[in-house]
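Dear colleague,

I am handing over the structure we spoke about, and my notes on its two ligand sites follow below it. Please read them alongside the coordinates.

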Amino acid sequence: MEKLIITAAISGAEVLKEHNPAVPYTVEECAREAKSAYDAGASIIHLHVRHDDGTPTQDKNRFKEVMDAIYKVCPDIIIQPSTGGAVGMTDDERLQPTELNPEMATLDCGTLNFGGDEVFTNTENTIKYFGKRMIERGIKPELEVFDKSMIDMALRLHKKGFITNPMHFDFVMGVNGGITGELRDFVFLRGSIPAGSTYTVAGVGRFEFPLAAAAIIDGGHVRVGFEDNVYLSKGVLAKSNGELVEKVVRIAKEFGREIATPAEARKILGLKPKN
Ligand code: KMH
Ligand code: ZN
């Protein structure tokens with residue numbers, strides 16, 4: 001079985017220090033959290049950035065500052081900026097980190113009810129616009145899937161040339177308004193992607209570790225981190241993103257699954273080697 005790629009979603013746009021004091025806002029805090037995840041075995045950092053007061057921003061200068069600080073302490077890591085940003089941002093605002101030509105970026109494949117009156121809007125034209133931008137700039141999209149219909153959307157847009165092979169999906173499961181994190185739904189999603197594509201699973205809240213175990217057994221990849229879950233176990237806050245990654249590494253070891261280095265992750269995902 002292929003080695004396991006662990007992605008750490010260290011910051012998110014919605015989770016706050018009120019939920020876990022280790023949630024990073026400042027440049028230094030982001031670098032600290034990325035390093036803790038990298039040291040524990042993460043090869044990808046899924047990145048949102050904030051102002052120092054915790055307000056989410058897609059400002060490309062802030063992304064550059066944070067990415068430079070992360071590369072300083074994790075020189076070979078893969079950084080995957082979010083183009084989802086936060087609810088209510090415009091498409092062009094969300095796309096700003098692509099101007100830095102990162103190796104990867106997220107591409108959200110549909111609209112989602114986020115609870116209350118909040119809607120995370122990704123029209124078909126938005127997805128096409130983002131897909132085209134990533135092709136033009138040689139950025140590998142991670143196809144964010146919050147529901148089965150988003151896989152179908154990605155496959156339709158792949159046929160039309162807005163997304164290229166090999167495709168890499170992220171099943172974000174257990175979000176309010178999206179697909180549940182039940183094993184039945186995981187099996188449904190992973191059976192719905194074409195042969196030759198790869199996937200990561202990001203279980204939200206209590207689904208984080210059961211779904212990590214499922215993906216480890218299945219040969220898929222895993223995302224953990226404060227964006228999705230702030231608890232190490234029931235009622236116990238994680239002290240760092242690294243602690244969440246360490247737990248995945250322990251589970252993987254139990255099943256004999258080795259952990260991919262960033263260089264190995266690049267090979268698995270078809271990214272160019274970093275020199
Ligand atoms: N914060 C959500 C509105 C992504 O990173 O691409 C969008 C999100 C997905 O987190
Ligand atoms: Zn995100």
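In this predicted model, an oxygen atom of ligand 1 lies 2.7 Å from a side-chain N or O atom of threonine 106, and an oxygen atom of the ligand is likewise 2.7 Å from a side-chain N or O atom of aspartate 108; glycine 84 contributes a backbone N or O atom at 3.4 Å from a ligand oxygen. Of the 300 Å² that ligand 1 exposes when taken alone, the protein buries 96% (accessible areas by the Shrake-Rupley method with a 1.4 Å probe).

Ligand 1 is surrounded by 13 residues (a heavy atom within 4 Å), with Glu14, Ser82, Gly85, Thr106 and Asp108 the closest, and this shell divides into three nonpolar, six polar and four charged residues, Gly being counted as polar.

The zinc ion, ligand 2, is coordinated by NE2 of His46, NE2 of His48 and OE of Glu227 at 2.1 to 2.2 Å; donors are N, O and S atoms within 2.8 Å of the metal (3.2 Å for Na, K and Ca), and the site may look incomplete, because water is not among the atoms. The donor spacing in sequence is H-x1-H-x178-E. Histidine 48, in the loop between β2 (44–47) and β3 (49–50), and glutamate 227, in the loop between β12 (221–224) and β13 (231–233), thus link distant parts of the chain, 179 residues apart (strands are DSSP E runs of at least two residues, numbered from the N terminus).

Residues are numbered from 1 along each chain as its sequence is written, chains are lettered from A and ligands numbered from 1 in the order written. Local features need pLDDT of at least 70 and side-chain atom pairs pLDDT 80 or more, while totals for chains, interfaces and linings use all residues, and side-chain values use heavy atoms, with hydrogens and water left out.

Best regards

Technical notes:
A polar contact is a pair of N or O atoms within 3.5 Å; within protein, one must be able to donate a hydrogen and the other to accept it, and residues adjacent in sequence count only if both atoms are side-chain atoms. Helices (H or I, at least four residues) and strands (E, at least two) are DSSP runs, numbered from the N terminus.
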